[in-house]
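Please look over the sequence and the model below.

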Amino acid sequence: MLDHGRKAMNRCILAAALTAIVGLSGLAAIAHAEQPDDGLVNESAAAMKGKKVGFVPIAMGFDLTEAWAAGLKHDAEAFGYDLSIRDPNWSVDAGAQAFSQLISEQPDVIVVHPPEIQAYTRLIQQANAQGIPVVTMNLKADANGDVFIGANWYDIAVKQTEAIVKSCGQGSGKSGKIAVMQGVLTNPTSQYGIQAIEATLKQHPEVQIVSNQAADWDASKAHAIAVTVLKANPDLCGFIGMWDNMDVGIAAAIKEAGKTGEVALVSSGGGNQASACDNVANGNFSTYISYDAKGQARDLMMAVRSVLQSKPAEPGTKSIALYTPLKTITKESNYPGACWNLDDVKKYGP
Amino acid sequence: MSPSFRPAFAFTQEQIVVAITLALLVLFSVTLDSFLTAGNILALIQNVSILGILGVAMALAIIGRGIDLSIVANMAVSVAWVLQLSNNGVPIEIAIVMGLGLALAIGLVNGFLVAYVEIPAIFATLAMGTVAYGFVRSLLLEDNLIYLKGAADTWFKWIGSGQVVGIPNSVLLFGLVAVVAHVVLRITVPGRFIYAMGDNPTAARSTGIPIRPLIVLQYVTAAAIAFVAGVIAATSVDSVETRIVRSNLVYDVILVVVIGGVGLSGGKGSIRNVIVGTLLIGVLVNGMTIMNVAYTLQNIIKSLILLTAIVIDSLMNPRDEQTSQQGDI
Amino acid sequence: MRETLTRLRYRLVPDHVLGEILAKNWIDNAIPFVILLLTLSIFGALIPGLVTLGGLGGMSAQFGELLLVVLAMTIVMLGGGIDLSVGSVFALSNFVTLALFNMLGWPIPLAILAALACGAAVGLVNGFLVGYLRLRAFLTTLVTLIIVRAVVDMLILAYAVKVARPSTRSAIWDFISFDRVFGMPVSLIFALLLAFAGHIFLTRLRPGWYILAVGGSRRSAYNAGLPVRRTVAMTYVVSGMLAAAAGVFYASRLNAAGSDTGVGMEVLALTAAVVGGNSLGGGRGSVFKALLGTVIVLIVSNSLIRLSLPTGGSSLVLGLVLLAAVAIDVKWLKNRAKVLSRVYVSPTYMKLGRSPDTAEHSGSPYAVNDRLKNVELIGLGEIDGPEDPILDAQGNLYSGTRQGDIVRFLAPDYTRKEVFVHTGGHPLGMAFDRDGNLVTCVAGMGVYRIGPDRKAVKLSDQTNRSWFSVIDDSRMRLADDLDIAPDGRIFFSEATIRFDMSEWMVDALEARGNGRIICFDPRNGSTRTVISNLRFPNGICMARDGQSFFFAETWGCSISRYWFDGPKRGKREVVIPDLPGYPDNINRASDGGYWLALVGMRTPAFDMALRKPGFRKRMVERIAPDEWLFPNMNYGCVVKFDESGRITDCLWDRSGANHPMITSMREDRGWLYLGGVSNNRIGRYRIPGADPEWTAAASYRGEKP
C-alpha cells in the first residue's frame, strides 16, 4: 500500500514536470510565432542562418575595422551567421595568407580590406572563380569582386587639395608651400589621390608641393618625417595627410614646432570622434574629410545580408559600387554628431 | 678603457667620431645659415635626446656583454599603459608607479631569461619585446594609439614639454640620465662589476662576482631608463603609438651606441661614447634636414656612416683569428 | 632470492638503450620534433580542420618562401654568423623582379636572374665585410638591412605605380605563379629540392664541411688551414641568393611591391632557425632542423591569425612559444652531455664462479712463481703498447704501437728497429697468412692486411648491422684479435660495440655481452657477425683440428671453443669456465697446447661488485671516473692449457718489474715473446725444453704440432 502510494506520487511529479515542459515549450513557440510572417522576414532570416562569413581586415584595433567588425558582429548575432575575423596585424603577407586560407574553407562570402591595389587581386579572382562572393572594403583593389564599399579616393584628394588651396593659395598671403604625407604608396589612396592632387594643383600654380613622402600609415613615422619637413621648410603652409590615425603624428610635429594653427593640416578618415572631430576642435586638423566608417559599417551589413540572401550566379562578374558619401568637417561645421563614437558603436552597433 | 698596448698613433673610434662630428659642425656652420644658432643647437639635442636616453640604457646592457632589443617595446607599452590608466581615471602618480612596475617586470624577465635560463641575450630580448608588446596590447590597452588626455593638465605633461631656464626638459633629462649612469658605472661597485663581467664573464665569476644577479640588475636598470625615455617621448607628443615597436628605432639606438665606440663584445666604452654617438647623429640629421634630404636617404647616409665607423675600427683594431671568441656575432 | 630478482631485472630491462639513444646525433632533433607535435596537437585541437591536407596545404605557398629565407639564415648561422638583411633582400628581389618584368618588359628568366644577382651582390657586400674585413655579423647585416630597406623604399616611392601592373604575360611566370606540381606550389617544390641539395652539400661535400668547421670553431678551422674568410663570405652570398629566390616567388604570388614586404622577416627566419635547433653562434645545425623550425613557426603564426585573437594576442603567444622553445633547447644542449655521461654506462648483473687459488705452494696449477724474473728485454722504452708481438719466417719481430705504427725489430739480436708500416690506429692482434702477409686488427679502424711490400690493404671495417641495435653496430669500434682458418677465412673478435679503445676498461663495469666475433671471408669479401653478446671477446686461436677455434672472454674469465666447420659446426663449448684472472690473447704452444695471457687477476671486491649492478650504477653516477672501482689490470701471468682445458704450465713475474700486465705471448724457435698493451717493452723468455725449430707458421702448415 505504502509502495503503491509512493509510486502514485512519483507519477504525479512526473506528470507535473511534463506539463511544465510542454507548457514552457508552448510558450516559447508562441514567443517565436509572435512576429507574423510578412512574406520575407522568416525566409530572409533562414537564408542567412548558419552561413559563413570571413573578414580579413588590414589589422584590427583601429576605428575603421573595429566599426565594420562591430556591424558584422551585430548581424552575425541577429541572424545567426558565423563570422570569422582573421587579423593579419598590418602584414600584407599574413593578410594574403589569411585570405587564401579562407578561400580553402569555402565560406559564403569573404569581406576583405585590401592593403594594396595589387596584393589581393589574384586572390579575389581566385575566390570568385571558386564561387565565393567577395566584398571589398574602402580600399579599391584592381579586381572588383562583387561589392565595393568605400570612399572615392580621387574625390577625397580633390576636396583636400581644394581645402589646402583655400588656406595656402592666392590671397592667403602664405608661401604656398605644401607637403603631402602618403600612407602606403601602393594603396589606392596614393595611387588615385596623388593624381587628384596634381590635377587640382595644375589650376593653382602658386601652390607647390615641397615634400611628398610615405609614412606607411604609421603615426610615429609620419611624426619623424613631419619634423624633418617642418625644419627644412620653415615657411611651410600646409600638409595634406591621407589618414587621420597617421596624421596625428604630423599634428604633433606641428605642435612641437609651435606652429599649430599656422600650418594647415588637411586630413581624412573614418570620422571617429576621437581621431576626427576632437582633432578638428583642438585645432590639430584644419579641415577633415570624413567617409563615415559607421555608415560604411551599415553598408557592409546590408551588402553581406543581400549577398547571403541572393548569392550572385557567377561571383565577380557583376560588381556593385557603393561609394561612401563624403562629409567635410571644419571648425565651423563640427556640429555635435558630425562624428561617431567607437565605444558606442561597439556597444550598440552602427 | 683603451688597453695600454695600443700603439700611440692609433685613434680610438671615439676620437674618430668626435673628429667627424666637429668637421660636420664646422661644415654645416659655414654652409648652412640657420645651423649655428642657439635655438637650432638646442633643437638638435632635443631631437636626439630620446635616442640618447635609450642609448644609455642600451650601452648599459652592451657593456655588460648583453644587448637589449626589447627596450623600445618596453618603453612604448609601459608608458602607453600609464596613459591608458590615467585616461581611465587612475591618478597619474599611481599610474606612473604601475607603469614603472610593468617596465621593471619586463626587465626582470629579460634578466632572468639571460642570466638563469641562459638564452642568448639577442634572442631573449628580441622575443621578450614581442611578448611584452603582445601581452600589454592584447590585455591592457584598448588601442594602438593612446592619447595623453587624463593627465594633460598636470605636472606630468610638463616632463617632456616644459623647459628650465630656456633649456627643454628632455635635454636636461638626457644630461641627468647620462651623468647618473656614468657615475654609477665608474664609481659604484656594481658599475665596476658590470665592466668586469662584460670584459670576461668567466674570469669575473671566478673572482667571486655574482654574475647572474648582476645581469638581472643590468636589464632591470635598462628597463627603468627606457621607461624614463618613454615618459619624455609621450609627454612631448601627447600620445604613444605602440606600433613604434615595429619600427627601426631599436636599430637606431644600437647605431648610436656602437658608433660612439662602445664595443659590442662588452667591457669596452662608456656613457661618454653614447653622448658622442648621439651628437654625431644629431648633427648629421639636423644638417641633412636643413638641406632637405629625404627621410629614407637620411637612413642610408646614417647607415653608411655607421658602416664606415665600424670598418675603420676593425682596420685599426683588427680582430685576431686566435683571440676572437666563439659564438661572438 | 633477492639476487635472482636482480638478475632477472637486469636481464629483462635493456638499460643501455637509453644511453645509446641519447648518444645518437639525431636525438638533437628530438626537442624541435616534440615541439612540432605539441604545436600540431594544440592548434589542431583549437582549429578544426587544421591538421588536414587542405588546412596545411593553404600554407604551402608561404611555406616555400619562408623555407628559402630560413635556409638563407641557417647557412649563415652554421658558419658562425647571422644575416639580418634577409628580409630586405627579399623585398629588393621582389621589387627588382616586378620592375624588370612589369615596368621594363624584360623576359622573365632575365628578370629572375637579375633579382638573384641583386641578392648575391648584397650577400657579397655582407660577406666581404664580415668574412674578409671581419666586422661583426650582427651589426654589419643590421646596417645592410637598413640600407637595402631604404633603397627599396626610395624605389617604391618613385616607381610604385608603374611596377604593380603587368604589361605583358609570360608562360613561365604564370607557371610559377599559379601552377601546382603534385598538388604543391612551384615555390615549395623548388624550396624542398633546394633543401635536399643543401643537405647533401652540408653533409657530403667539402665546402659544406668547411662551413660547419668554421662555424664550430673558427680558430681551429683557421689553424687547420681552411679558407676561413672565403668560406664565411660565401655563406653570405648563398644567403643573399636564397633570400632573393624567395623574393622572386613572393613577387609571382602577390605581384605587389608594397613597402612592408619582408619587414620583420629576419626575426621570423631567425626564430624558425633557432626553434629548429640551429645554435646561435654556429657549428650545430642542419637543413632538417631549419625545415622543422619553419614548419613550427609557420603553423604557429598562421594558426594565431586564424584564432582571431585580440590585437597583440598573436604576438604574445608567438613570443611565448619562441621563448619556451629556445629555453628548452638551450637547457637540452647544455645538459645533454651531462645526462649522457651519467646514463651511458649501464651495468648489469653477473656472477662469476669461484676463483681458483693462486697462492704459492698451494698446489694449484696457477700458483705464483718467479719464472719470468729474468726475461730479456727488447726495445725497452722505444715502443709503447706492444699488444701482440709476432715473428715472421726470418725471425724478425713485429709489434704494433700506440702511435699507430707497426714496428719491426730485426733478427737476430732485435736491437735494430724500423717502422714497418704506419696504420694510423693502434694495431692489436696480428697473424701471418699463408702467403706471408701480416693481417692485423687495428683499433677503431678494422682489419688490415700488410704485404711484404709494406702496403696496407683494408680487408674489412664493417659487418652486417643488427636489426634491433640502437647503436650502429655495422662499424667496428674495437677489433681486437684474429686468427686465420685453413680455408683463409679470418675470424676476429670485436671486444665491445659500446666503447672506444680509450675507454675499454669502462666496458668491464657493465659486464654485459657487448662484444662479438666476426668472420671475414676473403673468397667473396663478405663480413658477417658469427657470435654476438660476448663479454669482451679477446684472444682467438685456431685449434689444431682446423674446424674450430678457442676464444677468450675477458670479463667472463672463461675460454670457449667454437666450431665453424665439420660435424660440430655452430657449436660452442666452454673449455675453461673460471679463470683466476682476465684472459687476453691465446696462441699455440710447441707441445700441442695453447698459451694464454691473463691480463689481470680477479679480486673478491670486484667479483662482488659484479653481482651488484645498482652499486656500480651509483658509483658511475656519483663519483669521478678516477675513483671508480675497476678490475685489477696491474698484475697477471701466462698459462698454458691443453685442448681439454687443463692448465699445464704457469709463468709469473712476481715482482711485477718487467711484465706486470701481459696481453699476449708468442712462442717462436724455443723462445716466448711477451707483450703488454700498456708496456714499453717486449719480453723474451727461453722456454726450457721447447722445440728450437718450432714456429707457429710451421704448426699452422701442419709440419709441427
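Predicted model: local features only at pLDDT ≥ 70, side-chain atom pairs only at ≥ 80, totals over all residues.

Residues are numbered from 1 along each chain as its sequence is written, chains are lettered from A and ligands numbered from 1 in the order in which they are written, and side-chain values use heavy atoms, leaving out hydrogens and water.

**Domains**

Domain bounds come from an automatic or database domain assignment. In chain A, domain 1 covers 43-151 + 293-324, and domain 2 covers 153-290. Over C-alpha atoms, the centres of these two domains of chain A are 30 Å apart. Their contact (heavy atoms within 4.5 Å) takes 14 residues from domain 1 of chain A and 16 residues from domain 2 of chain A. Chain C is assigned domain 1 (60-312) and domain 2 (376-700). For chain C, the domain centres are separated by 56 Å, again over C-alpha atoms.

**Helix H11 of chain A**

Helices (H or I, at least four residues) and strands (E, at least two) are DSSP runs, numbered from the N terminus. Helix H11 of chain A has 17 residues, 293-309. The expected span is 1.5 Å times one less than the number of residues. For H11(A) that gives 24 Å, and the end C-alpha atoms are 24 Å apart, which agrees.

Which residues of H11(A) are buried? Buried means under 20% relative accessible area, exposed over 50%, and partly exposed in between (1.4 Å probe, protein chains only). The buried residues include Ala293(A), Ala297(A), Leu300(A), Met301(A), Val304(A) and Leu308(A). An α-helix has 3.6 residues a turn, so residues three or four places apart point the same way. The cover over the buried residues of H11(A) includes helices H2 (41-48) and H3 (63-79) of chain A. Strands E1 (52-56), E3 (109-112), E4 (134-137) and E5 (147-150) of chain A are also among the cover.

Pro185(C) sits in strand E2 (residues 184-185) of chain C. Pro185(C) counts as buried because its relative accessibility is 9%. Beyond neighbours within four places in sequence, Pro185(C) contacts Ser60(C), Ala61(C), Asp179(C) and Arg180(C). Gly64(C) is 121 residues away along the chain, yet its C-alpha atom is 8.0 Å from that of Pro185(C).

Now the surface. Met1(C), Leu5(C), Leu8(C), Leu12(C) and Val13(C) make a nonpolar patch of about 550 Å². Patches are made of residues with over 30% relative accessible area and no salt bridge; like charges are joined within 9 Å, nonpolar side chains (Val, Leu, Ile, Met, Phe, Trp, Tyr) within 5 Å. Leu5(C) belongs to helix H1 (residues 2-12) of chain C.

**Salt bridges**

A salt bridge is a side-chain nitrogen of Lys or Arg within 4 Å of a carboxyl oxygen of Asp or Glu. By this rule there are 44 salt bridges over all chains.

| Salt bridge | N to O |
|---|---|
| Glu118(B) and Arg212(B) | 2.6 Å |
| Arg465(C) and Asp472(C) | 3.5 Å |
| Arg523(C) and Asp487(C) | 3.9 Å |

Glu118(B) is partly exposed at 28%, and Arg212(B) is partly exposed at 27%. Arg465(C) is partly exposed at 38%, as is Asp472(C) at 36%. Arg523(C) is exposed at 55%, whereas Asp487(C) is partly exposed at 29%. A network of salt bridges links Asp487(C), Arg489(C), Asp521(C), Arg523(C) and Asp565(C).

Notes:
Areas by Shrake-Rupley, 256 points an atom, 1.4 Å probe, with all protein chains shown as cover.
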